[in-house]
Amino acid sequence: MKGNHRSEVSKALDLDYTKFMKVLSVNRSLPRTLSINGKDVSTGIYKESVTAAVHVGNLGLDGDGQADLTVHGGLWQAVYAYPSEHYARWETELGASGFPPGTFGENLTTVGLIETEVCIGDVHRIGEVLLEVTSPRIPCFKLGHKLAKPDILKSFLQSGCSGFYYRVLEIGKITANTTVEVASRDPGKLTVRQLLGLYRLGEGGADDLRRALQVGAISPLVRRDLEARLAKLR
């Protein structure tokens with residue numbers, strides 16, 4: 001969307017959140033069917049911000065859903081978080097403005113949780129909910145369609161601005177403008193960005209893969225890929 005108006009997220013960041021980790025917005029949507037390249041495609045990427053408290057179960061937010069459960073959702077990818085700090089980058093790159101929270105399909109638009117600092121296996125308390133970081137997000141063609149830029153997938157991946165998935169350790173309600181508390185840090189200290197590099201960017205070697213595979217919180221989908229890559233290096 002062209003224009004001079006700054007996004008809702010950019011405006012919110014004018015507040016002094018720099019010393020805090022917080023959920024800026026809670027977003028959800030049920031899958032809908034769209035026509036993409038002449039084909040009917042189901043997608044849950046069109047998230048909308050919710051002001052009321054939302055219950056989070058083991059499979060994610062009430063009133064939320066994913067279309068392709070082979071690559072999205074499930075116990076290990078129940079909740080998707082995306083750093084609000086990245087919004088300005090994509091607005092500049094896309095020559096757009098006015099992006100609302102949830103633009104990148106995230107359930108939680110966050111402040112202070114960056115992929116180079118958040119580690120796989122870190123556990124976060126957000127309101128009543130206890131969440132464990134499990135993997136980076138890998139973009140699919142539906143993101144390109146939503147942003148009206150099909151070729152963004154490569155730059156999105158290579159940027160390292162992936163966001164990350166959680167699994168739910170304790171269910172409960174979650175609301176926007178809630179502080180994120182770090183309940184525990186994983187001793188492996190494998191950041192989301194490091195795992196993304198091993199998983200999809202061809203970074204690291206056999207020793208790095210072996211160290212990563214010691215982290216128990218890695219989602220099974222990603223673990224299988226790392227194991228296959230390690231096998232090829234042997």
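Is Asp 225 buried, partly exposed or exposed? In this predicted model, Asp 225 counts as partly exposed, at 27% relative accessibility. Asp 225 forms a salt bridge with Arg 200, and the closest N and O atoms are 3.4 Å apart. Asp 225 belongs to helix α7 and Arg 200 to helix α5, so the pair ties together parts 25 residues apart in sequence. Arg 200 is likewise partly exposed, with a relative accessible area of 37%.

The structure holds nine salt bridges in total. One of them joins Glu 132 to Arg 167, with 2.5 Å between the closest N and O atoms. This pair links distant parts of the chain. Glu 132 is in strand β10, Arg 167 is in strand β11, and 35 residues separate them. Glu 132 counts as buried, at 11% relative accessibility. Arg 167 counts as partly exposed, at 27%. Another salt bridge connects Asp 151 and Lys 149, whose closest N and O atoms are 3.3 Å apart. Here Asp 151 is exposed, with a relative accessible area of 53%. Lys 149 is partly exposed, with a value of 26%.

Helix α7 spans residues 220-233 and contains Arg 223. Arg 223 is buried, yet has no salt bridge. The nearest side chain of opposite charge is that of Glu 227, at 4.9 Å. Beyond residues up to four places away in sequence, Arg 223 touches Leu 213, Val 215, Gly 216 and Ile 218. Arg 229 also lies in α7. Arg 229 counts as buried, at 19% relative accessibility; the cut-off for buried is under 20%. Sequence neighbours within four places aside, Arg 229 is in contact with Gly 197, Leu 198, Gly 202, Glu 203, Gly 204 and Leu 209. Arg 229 and Ala 206 are 23 residues apart along the chain, and their C-alpha atoms are separated by 8.6 Å.

Helix α5 buries Val 192, Leu 195, Leu 196, Gly 197, Leu 198 and Tyr 199. The cover over these residues includes β10 (129-136), α4, β11 (164-170), α6 and α7. Gly 202 follows α5 and has a positive phi, near 70°.

In helix α4 (residues 152-159), the buried residues are Ile 152, Phe 156, Leu 157 and Ser 159. Viewed down the axis of α4, they fall within an arc of 165°, so they line one face of the helix. They pack against β7 (79-83), α2 (87-94), α3 (141-146) and α5 (192-200). The helix is followed by Gly 160, whose phi is positive, near 80°.

Positive phi values also occur at residues other than glycine. Most such residues have a negative phi. Ala 148 has a positive phi of about 55°. Ala 148 sits in the loop between α3 and α4 and is exposed, with a relative accessible area of 67%. Lys 189 has a positive phi of about 50°. The loop between β13 (178-184) and α5 holds Lys 189, which counts as exposed at 62% relative accessibility.

Helices α5 and α6 (206-212) each supply at least two of the lining residues. The largest share, three residues, comes from α6.

One cavity of 30 Å³ or more was counted. The largest cavity has a volume of about 240 Å³. It is lined by 20 residues, and those closest to its centre are Gly 44, Gln 66, His 72, Gly 105 and Tyr 165. His 72 lies in the loop between β6 (60-61) and β7. His 72 is buried, with a relative accessible area of 15%. Residues up to four places away in sequence aside, His 72 touches Gln 66, Gln 77, Cys 140 and Tyr 165. His 72 and Glu 48 are 24 residues apart in sequence, and their C-alpha atoms are 18 Å apart in space.

Terms used. Residues numbered from 1 in each chain as written. Heavy atoms only, no water. Buried < 20%, exposed > 50% of the residue type's maximum accessible area, 1.4 Å probe, protein only. Helix = DSSP H or I, 4+ residues; strand = E, 2+ residues; numbered from the N terminus. Arc of directions from axis to C-beta. Contact = heavy atoms within 4.5 Å. Lys, Arg positive; Asp, Glu negative; His and termini not counted. Salt bridge = Lys/Arg side-chain N within 4 Å of Asp/Glu carboxyl O. 1 Å grid on protein atoms, 1.4 Å probe; cavity = no way out; pocket = protein on both sides within 12 Å on 5 of 7 lines; lining within 4 Å. Points joined across faces, edges and corners; volume = space filled by probe spheres on them.
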